[in-house]
Amino acid sequence: MNTTDIRAVYLQELCRIAPDIDPETVGDNDHIQEDLELDSMDVLNLVTALHDRTGVDIPETDYPRIATISLAVEYLKGAAQKT
Amino acid sequence: MGVFRMPSLGADMEAGTLAEWLVSPGDTVARGDVIAVVETQKGAIEIEVFENGTVHELTAERGAVLPVGTPLAVILAEGEEPPQTVAPTAARPPVESAPAERKPVPDRPVPSAEPHGQHKASPAARVRARELGVDLAKVTGSGPDGKIIRTDVDHVLTGAKQRPSEPRSPLAEMRKAIAAAMTRAKQTIPHFYLSHTMDVQPAIDFLARLNADRPPAERVLLGALFVRAASLAASKVKTVNGHFIDGVFEPADVVNPGVAVALRGGGLVAPALMDATELDLDRTMTAMRDLVSRARAGRLKGSEMTKGTITISSLGETGAEAMTGVIFPPQVAIVGIGAPQTRPWVINGQVVPRTVVTITLSADHRVSDGRQAARFVSEFETLIQHPESL
C-alpha cells in the first residue's frame, strides 16, 4: 500500500465509525480523540478496521502512532514493509 | 396474546411514531423477536414481542403517531382464535362490547374532583402538573383537540417554547427527553453521593497483558472491567439495583446495567446490558461493542430502553477525574466513573506513581443509606483490584 491508499483507507474507516465527520474537513494533523472526539470504543473500532484492511496488528502501545492521518500513514507504511 | 399495543419505552413517553413493520400477517414470531420500529424522542427503537405466536393482522399504519397503549397488531398464540373485533387505529368508534378501547370523547368535560378538572389534560399531564406545581390553566395543549399532554407541562418547566406544530430536530427531541427525565429526577429523588478514589493499576496491567497477544477485534477496554465490577457489586447490594415505582422500591433479581453512551453530535442514551452478571469479561466487552454501535446507529431495542436497573456512566480514558451523576428514574442509583489519572499514591509506606480512578455513587435516599452505598463502593474496589476475578 502506498501513502495515497493508506490515507484513503484511514479516512474511509474513520468516517464509517463517525459518520458525522466530513472527510473533506479532516486535517492531516487532526487528533482523533482531541480534535475529532473519538472515544476509546471508537479508537478500538478504528484499530480493528485498520488491522482488517492493512494486516498490521497495531498493539495497544502503538495507538498514539495512528492518532492522526500523517502519523498513521508513516506508521502503517513502515509496519507493512516489515511484514 | 391477542392485541399487541404501543409499548411505553420510558416513564416520559406518551406516544411513538410507527416507522416500520418488520413482519407481515401470517408470519410466525417468537418471544424476543423484533417486529416493528418505533420513532421516539430517544431515536428509533426496535419493538420486541414477548410471546410466541402468529401475526394475524397489522392494525396500525406506518407513519402514524400513536399514543402508548394503542393497538398495533393482533398476534395469536397457537390455537388461539382471533378476537371478534379489532379496534382500528382510531378510525371508527369501537363497538359497545369493548368499552375499554373507547377513546375519550374530546368535547365532554372530564369528570374530576381536582381543581384542574376544567382543562383537557391527559392523566400523565395531570400527575406531572401536580408533581411540579404547574397550573394547567397556564399550559397550552399540543395533543389532539388542544389536549394538554405531559410534555406540554415539561415545556413550561424547562422554559421551552410551546410550538408543537414546528418539527424539531432529532437532537432537539432527545434534549427534551433528557431535560424531562433529569428534571424529574432532581425534583423527586433525594440524591446522596459517595465518592472514593482507588488504585486501578492492577486492572490496567491486567488488560495490557491480556490484550498484548490479542488481535484488535478481541481486545478488552477498561470500560468493560468497570461494567463487570459495577454489575457484580450491584448484585451484592440489593438497594442500589432496581426501580422505585409509586412509592415502593422493587429490587431487581437481575442486574441490567444501563451503559451511558454519548452520541456524536450531542445527546446521550443509556441502554441496558441485559443480565450482565451472567456474562464473563469477553462477553461483556462483545455486548458493550454491540450496544454502543447500535446506540450510535439508532437501533436499540425496547427492552434495552426500559429494563435498566442501575446506570453506569464512565468519562472514558482521558479527561475529568470525577463525575456526580443524576439518577435515571425509576432507577435508584448511578455510578459515575472519572477518567484514570496518574497520581502519587502510598503503597507499603512508599509514595509511588499509580493510575487511580474516582468513582461516585449517586443513590436514592428513599431506598438506601450511606452504609449500603459504602458497601457498593467497597465491593467495586475489591473487584477492580482483582481483575482476574472478573
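# Questions about a predicted two-chain model

Biologist: Which strand of chain B does Ser313(B) lie in?

Modeller: Residues are numbered from 1 along each chain as its sequence is written, chains are lettered from A and ligands numbered from 1 in the order in which they are written, and side-chain values use heavy atoms, with hydrogens and water left out. Helices (H or I, at least four residues) and strands (E, at least two) are DSSP runs, numbered from the N terminus. By that scheme, Ser313(B) sits in strand S16.

Biologist: And is Ser313(B) buried or exposed?

Modeller: Buried means under 20% relative accessible area, exposed over 50%, and partly exposed in between, with a 1.4 Å probe and protein chains only. Its contacts (heavy atoms within 4.5 Å), leaving aside neighbours within four places in sequence, are Ala260(B), Met323(B), Ile334(B), Val335(B), Gly336(B) and Ile337(B). Ser313(B) comes out at 13% relative accessibility, so it counts as buried.

Biologist: What is the volume of the second largest pocket?

Modeller: Rolling a probe the size of a water molecule over the atoms shows where empty space is left. On a 1 Å grid over the protein atoms alone, a cavity is a set of points where a 1.4 Å probe fits but cannot get out, while a pocket is an open set with protein on both sides within 12 Å along at least five of seven lines; lining residues have an atom within 4 Å of a point. Grid points are joined across faces, edges and corners, and a volume is the space filled by probe spheres set on the points. For the second largest pocket, that gives about 1,200 Å³.

Biologist: Which helix gives the most to the lining of that pocket?

Modeller: Of its 49 lining residues, the closest to the centre are Ala260(B), Val261(B), Ala262(B), Leu268(B) and Ser314(B). Elements that each supply at least two residues include helix H2 (40-54) of chain A and helix H3 (170-188) of chain B. With five residues, the top contributor is H3(B).

Biologist: How many of the lining residues of this pocket are nonpolar?

Modeller: Ala, Val, Leu, Ile, Met, Phe, Trp, Tyr, Cys and Pro count as nonpolar, Asp, Glu, Lys and Arg as charged, and the others, Gly among them, as polar. The lining has 11 polar residues and eight charged ones, and its nonpolar residues number 30.

Biologist: Where is the cis peptide bond?

Modeller: Most residues other than glycine have a negative phi, and most peptide bonds are trans. Pro330(B) lies in the loop between S16 and S17 of chain B. With omega about 10°, the cis bond joins Pro329(B) and Pro330(B).

Biologist: Ile58(A) has a positive phi; is Ile58(A) buried or exposed?

Modeller: Its phi is about 50°, although Ile58(A) is not a glycine. Ile58(A) is in the loop between H2 and helix H3 (69-82) of chain A. Its relative accessible area is 0%, so Ile58(A) is buried.

Biologist: Then is Asn348(B) buried or exposed?

Modeller: Asn348(B) also has a positive phi, near 50°. Asn348(B) is found in the loop between strand S18 (341-347) and strand S19 (350-364) of chain B. Its relative accessible area is 76%, so Asn348(B) is exposed.

Biologist: What is the mean pLDDT of chain B?

Modeller: Over residues 87-117 of chain B the pLDDT is below 50. Where pLDDT is low, the predicted coordinates should not be read in detail. In chain B, 87% of residues reach 70 or more, and the mean is 86.

Conventions. This is a predicted model: local features need pLDDT of at least 70, side-chain atom pairs count only at pLDDT 80 or more; totals for chains, interfaces and linings use all residues. pLDDT is the predictor's confidence in each residue, from 0 to 100.
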